[in-house]
Amino acid sequence: MATTTAEPALRPVPQILVHEVHKPRETRQWLDWVLTTDHKKIGIMYLVLTFVFFILGGVEALLMRSQLAVPNNTLISGEHYNELLTMHGTTMIFLFVVPVMAGFGNYFVPLMIGARDMAFPRLNALSFWLLLCGGIVFYASLFWHPPEAGWWSYPPLSSIQYSPSGGQDAWIFLIHLTGISSLVGAINFYVTIANMRAPGMTWGRLPLFIWSILIYAVLLIIALPVVAAAVTMLLTDRHFGTHWFDPTNHGSPVLWENLFWFFGHPEVYIMILPGFGMISEVLPVYARKPIFGYKAIAASTIVIAFLSTLVWAHHLFTAPMPLVVLGFFMLSSFLIGIPTGVKIFNWTATLWRGSLVMSASMYYAIGFLIVFLIGGITGIFLAVFPVDWQLNDTYFVVAHFHYVLMGGAVFAILSGTYYWYPKMTGRLCNERLGKIAFWVTFFGFNMTFFVQHALGLSGMPRRIYTYQPDMGWSTYNLISTIGSYILGIGILMSMYNFVRSYKHGKIAGPDPWKGNTLEWFTTSPPPVNNFDVVPRVRSVEPMRDIRLEVEAQTGRLQKTGGSEQFARS
Amino acid sequence: MRRAVIFVRSLLGAVRRFGIRFVAVAAPLSAGIYFALAQSASAACCTLKSGGSPNATSIATLYDIIFGLAVVVFVGVVGVILYSLWKFRADKNPVALQIHGNTRLEISMTLTAVLILVVIAVVTFIKLPGIVNPPNSNAGASAVLSASLTAENPPNGQKLTVCVTGRQFIWRYTYGAGCNKAAWQDRLPYSYQEMVVPAGVTVNLLIQSSDVIHAWWIPALGGKVDAVPGFTTYTWFKALHANELYHGQCAQLCGRQHAFMTALVKVVTPKQYTTWLSQQSKLITQQNDQVSQIREYLIKQGTLTPSGNY
């Protein structure tokens, strides 16, 4: 057996050298959290904070639905209803969906690429605290006068003349603060992924969740400066005498619409792409086979991001625009449906001839596929601009975006949470409760939003705080409201599951699901330094390769769960 | 004819991907679903409001065609998912097939998606002129026509122009002279909330706003158009039946009473329209004269200053 002296330097042998890396505790525990720059602690803080905002946004939604349950209801006034709808939309988008993706990214990007932490740990902490400050600034307006111009804040309604209160300014400051938080976080993600991957992890072996976070970061960098400029222009219009959007002084409200939606459309892809990435991780694990068409899914993520910068005016189809512009944006919106369809096809093909393990996480992933498909299809309807002239600003659009955002992003988030919960906490969630929660959520969700398609078709506009009994909208509204309560119960059941399992869940080993990616190679939860030695990556599924190698060497098949499987030698 | 073209093109795409035997079963099945749905799609729940004007009818037909295609796609994909969940569950299928992809399959599926979208785009562009271009008014409409320098004209130029002005929280209509800034002085007839129009006449709407962004929308008469301050936007309708009342409301958040910014379009015969118009003008002139008298009296009395203020 000849060995060359050069070999050991080229091929590090994976060894588990376990040693304690904790400093002796000098500071109080809560101060640890406040001062931390550890990506895992920051990730947990993101997840907890964003789920709190999710509940707040959900309460706002339930209040709105309660007001709409019956015609001519007097539960909530027009003013308060407009405030609620503004708070609900803004909270869900800027304080929940976008940052929760950053939270998962924070926790799992370094782990999945085999790194010790993010590239800029202190900047990472800044991102979180800016998010918290933005949320506080925004919600502080509840004590004075919340904004009421909708989450898009179209001027002149959002100008100082028609929205004199400070709530609109609180909204502007939220955009500034969360914008900087996300922008700085995006740079952090990009640099981390570009520079800190494990040896052997080429771009072609990057896990699909990492691809999605990478593209998410790029889109944030493209889109956020535009909205930051737009809201700054609104701020100067409101307080410093400019007239960017003031039609009585050579300004144009359509300028705001274009600037906002140039950000707004990439924003919705920012919200969904990491969710796509999570589904691309979850499905192969529970189907026990590789993702179908890895290259196509990675490429389609890039194509979607590119095209998302070219479709914004489909939100402006009813605004004054030339016909040729309308036609262009219809065709570009069609185009973006194609890479999305590629993904759905590939996910479905991943299930085909698999060996499907129906865990709670898998339930949510399958639910995602069905519900997102409906949302994507209704998007095609809306892309046809003459049809959009009937459907824009009606409940059809509300149904569409809740199908893709609530059914899409939120179901993906819940699937990812059930999947990654054991890694973050060392315990499994209660699977049975998770499955029951899924059915309640799925049923409630469809009951709430499916009938809203019919409401839009029969002429009910958005953002109205009440309606007349002779319009024929009463039955569907009542069904939708009852559904929203069921949906709320389903979400609460999952939240209860997460909280309870922290102390009472079954102990999970490092790899309860027989996962494919590197985060399953370390303990649950991971030590501060994540990995003692990082294995060389030889494929898209490094953990699977390791597991097969261990099984081949020891002749022992890994059992799921139980800490005995991770033998330390 | 159009539906036959769509059907044949989908059929060819399916044969390329699935093989002839599968298609022989699936094609009639999907066609059956599609046509059945196209009938039921005219149920109120599941199609757009229309019937008041030809542009609304064109939009509704376009929607129905897309709806049929959407259902076929949905049933296909969800069918495969549910079948997989049942057939390939772990206790029945313990060994998964370790494939990484199938390039031919992926390409043909992508091409099928492209084909469906091409069909939708083609159908849209075919229907577009009927939605955007106003048709001729019926014969016998000449008594009620007006001139306008802007907006799309019907081919024979004969139309009625109504200026729709949105403001928080009411719609105002000025009849017969476009969006004339001198409408008050010229004592042009106007009405609030309820627009009266003659049947069978192409009505051009010039839409403006005097404060924030609103949107004009009568679902049965066509799509909505934003009323943006600083801009004039245009749409048209041609009411097909007299003695109808169409409902609509503002469709862009415009403030606290946005929910109550409703609109009505009352369609009458051309003769009733001219009668109403002259009646309205008379009433307005009468009221204006009365107000002028009261004002002069109050100025003489000293309650108002000579310029008419407190």
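Hi everyone, a definition to begin: two residues are in contact if their C-beta atoms, placed from the backbone, lie within 7 Å. What we have here is a predicted model, where local features need pLDDT of at least 70, side-chain atom pairs count only at pLDDT 80 or more, and totals for chains, interfaces and linings use all residues. Residues are numbered from 1 along each chain as its sequence is written, with chains lettered from A and ligands numbered from 1 in the order in which they are written.

Let's start inside chain B. Between them, 9 residues of domain 1 are in contact with 11 residues of domain 2. The domain 1 side has 3 nonpolar, 5 polar and 1 charged residues (nonpolar being Ala, Val, Leu, Ile, Met, Phe, Trp, Tyr, Cys and Pro; charged being Asp, Glu, Lys and Arg; polar being the others, Gly among them).

Now, the two chains together. Here 66 residues of chain A are in contact with 68 of chain B. On the chain A side, H10(A) gives the most, with 11 residues; helices are DSSP runs of H or I, at least four residues, numbered from the N terminus. That side divides into 44 nonpolar, 16 polar and 6 charged residues.

And one residue to look at: Ile66(B) touches Ile380(A), Phe381(A), Val384(A) and Ile120(B), leaving out residues up to four places away in sequence. Thanks, all!

How values were computed
Helices (H or I, at least four residues) and strands (E, at least two) are DSSP runs, numbered from the N terminus.
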